[in-house]
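Colleague: Please walk me through how to read this model, one feature at a time. I would like the general idea each time, then the case at hand.

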2 protein chains.
Amino acid sequence: MTSPACVVGVDLGGTKLLAGVVDARLNVHHRTQRTIAGLGQAALLDAVADAVTEVGDLSGIEPSAAGFGIPALIDRRTGTAAACVHLPLEGVAFGDLMAERLDLPCVVDNDANMAALAEHRFGAARGVAHAIVLTIGTGIGSGLILNGALYRGAIGAGGELGHMVVDADGPLCQGACPNRGCLEAVASGSALVREARREASSLPASALGQVLSAGREVSGPMVTELAHDGDVAAQRAIARIGSQLGAGLSSIANIFNPELIVIGGGVIAAGELLLTPAREELERRALAPNAELVRVVPAQFGAEAGMLGAATLAREELG
Amino acid sequence: MTSPACVVGVDLGGTKLLAGVVDARLNVHHRTQRTIAGLGQAALLDAVADAVTEVGDLSGIEPSAAGFGIPALIDRRTGTAAACVHLPLEGVAFGDLMAERLDLPCVVDNDANMAALAEHRFGAARGVAHAIVLTIGTGIGSGLILNGALYRGAIGAGGELGHMVVDADGPLCQGACPNRGCLEAVASGSALVREARREASSLPASALGQVLSAGREVSGPMVTELAHDGDVAAQRAIARIGSQLGAGLSSIANIFNPELIVIGGGVIAAGELLLTPAREELERRALAPNAELVRVVPAQFGAEAGMLGAATLAREELG
């Protein structure tokens, strides 16, 4: 069955890809997941093409286009990926390449932009003209909805709020970012693990302290779980991240004067343990008119946000 | 003589106002300046109205509209001034009030937005789709040209890059800003004076050190003059401000991916003494695609930027 209303959305993360056939109401008719960590470029491109073909075949729907969210800046002058840390796609004209291989109209954008598009068109930021969406996982991605549209900058490399300086002499950032003390360096999942190790050392009797002294690996989800269970050390680590996030949110409020800031990504599993200190710091720091207007809320979409947004972009630009 | 091509532009600063009759090519036919420091609200409004009337009368041109740049956030829902620190205009519907008094179509906006508009339509950022204009004086104002238009945010309180956090535990900001370590707190003219005092203390034999030990007041223009004359302490103070400015510029590059950042205001009198360390810090910190694209240049318009921009806004919106 050909369905012009159906498109494929694909979200490429550092470790896995998620692909699905998505209709105009954002129902997912078939989805697939592949592990792509460690693949070379050719094998990665094969895996992506294969996943798109598979979801089309198994859903029995012939999609009219495909959209891809990838963890890279996309240079819109050439369509090539830049600053792609976790996947071997640097310099690859990903959209053109996929369009040729799949014989299907294809579009590609930054993964965090795709998550923001999903939240704006169908999720927590629906109907809001000025909304900032932060996706906080290992790193921090962001998408800017300004005057109702995604803002990408001169060549498509804008909207990198994760790499806005918050603490000029702070810790070094990771990957392709040469910065110190940018939001990603102080308020991402990686920063949470660093803070949790510090709290665990100073509170060795805490549940988190026992994890550390037993030589077990400290991870973001584990810290979040311990915090929800009431462990003080874990709660302090999350509160510290929340407070540093809040300093960044005050910048966002003063820069964009948005109605809404949406927080998604794995770290939002901490919920109010993260958001309450973040809001408090935002209110302490932002100019009054900006602080009074903005609301900070969790994302509506979880792990599928990027895939749903990629499908939305494909429908809007090509569908 | 009635000239539909002529409008009045007025720039209100903390200490003086500047008004002029401006034609469509940005020629100023008559200008006037008034000291307004310390005036109460009624006297201030009288002085403004009087200046507009005077420039119209003395130029022999009947303007078709007037535009005002004021040092405040303008709530565009109501047209009232908010966060107005230096003048008693808080809560005043300035544009409506002037329109009634002068019987002339009037428009009002933030003074830094007006400077940005002048630079974009006629100055250093002419023809550039994504340009950020910083006005660095006692404080730091900014205007954002995104996709060719001024960005104002949900209620008009956006574009406050001076109040973006750069050093979360840094010095307290001034006026209506409750923040710590925002760009204005570390890279404005006020911050320059603070740094200059510190350098003067550590280098008492320097020209700047002698100024301090003689009990003379340290001012931004004096530090700039001493630096141009080769005084090491003054040069260090400016370089320190430049470097902190550069950390902020790296955020701006990563957030907006602009082609251009324009630096105006009194502090730009330091020229390359400020801009060279700022550019170096930007290049050290920003993501490669953003650092490679952006240029950092001095503003074309000096003290008249706000007046020229206010006239431009009046022409574009009302002329």
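Colleague: Is Asp103(B) buried or exposed, and why?

Modeller: Start by counting C-beta atoms, placed from the backbone: a residue is buried with 20 or more others within 10 Å of its own, exposed with 12 or fewer, and partly exposed in between. Asp103(B) has 8 other C-beta atoms within 10 Å, so it is exposed. Keep in mind that this is a predicted model, where local features need pLDDT of at least 70 and side-chain atom pairs count only at pLDDT 80 or more, while totals for chains, interfaces and linings use all residues. Residues are numbered from 1 along each chain as its sequence is written, and chains are lettered from A and ligands numbered from 1 in the order in which they are written.

Colleague: Where does Asp103(B) lie, and what is its phi?

Modeller: For elements I use DSSP runs numbered from the N terminus: helices are H or I with at least four residues, strands are E with at least two. Asp103(B) lies in the loop between α2 (94-102) and β7 (106-110) of chain B. Its phi is positive, about 50°, although Asp103(B) is not a glycine. In chain A, Asp103(A) is found in the loop between α2 (94-102) and β7 (106-110), with phi near 55°. Asp103(A) counts as exposed because it has 8 C-beta neighbours inside 10 Å.

Colleague: How does Leu58(B) count, and why?

Modeller: Leu58(B) lies in helix α1 (residues 41-59) of chain B. It counts as partly exposed because it has 13 C-beta neighbours inside 10 Å. Leu58(B) and Arg31(B) are 27 residues apart in sequence, and their C-alpha atoms are 9.1 Å apart.

Colleague: Now a sheet, please. What is the strand order in the open sheet of chain B?

Modeller: Strands pair if DSSP finds at least two bridges between them. The five strands run β10-β9-β8-β11-β12 in chain B, with mixed pairing. At the edges, pairing on one side only, are β10 (149-151) and β12 (295-298) of chain B. Neighbouring strands are turned by 25° against each other on average, direction ignored.

Colleague: Which helix packs on this sheet?

Modeller: Helix α3 (residues 111-122) of chain B does, touching β8, β9, β10 and β11 (260-264) of chain B. Contact needs C-beta atoms, placed from the backbone, within 7 Å. The direction of α3 makes about 50° with that of β9(B); axes are lines fitted to C-alpha atoms, for helices over the stretch in contact, and angles run from 0 to 180 degrees between N-to-C directions. Within the sheet, β8 (residues 131-136) and β9 (residues 140-146) of chain B pair in the antiparallel sense over six bridges, and Ala131(B) stands opposite Ile145(B) in β9(B).

Colleague: How many residues does each chain bring to the contact between A and B?

Modeller: Chain A and chain B each bring 41 residues. Among the elements of chain A, β5 (73-75), α8 (232-256), α9 (272-285) and α10 (288-293) each supply at least two residues to the side that touches chain B, and α8(A) gives the most, with six.

Colleague: What confidence does the model carry?

Modeller: The model scores ipTM 0.95 and pTM 0.95. pLDDT is the predictor's confidence in each residue, from 0 to 100; chain A averages 95, with 99% of the residues scoring at least 70.

Key:
Contact = placed C-beta atoms within 7 Å.
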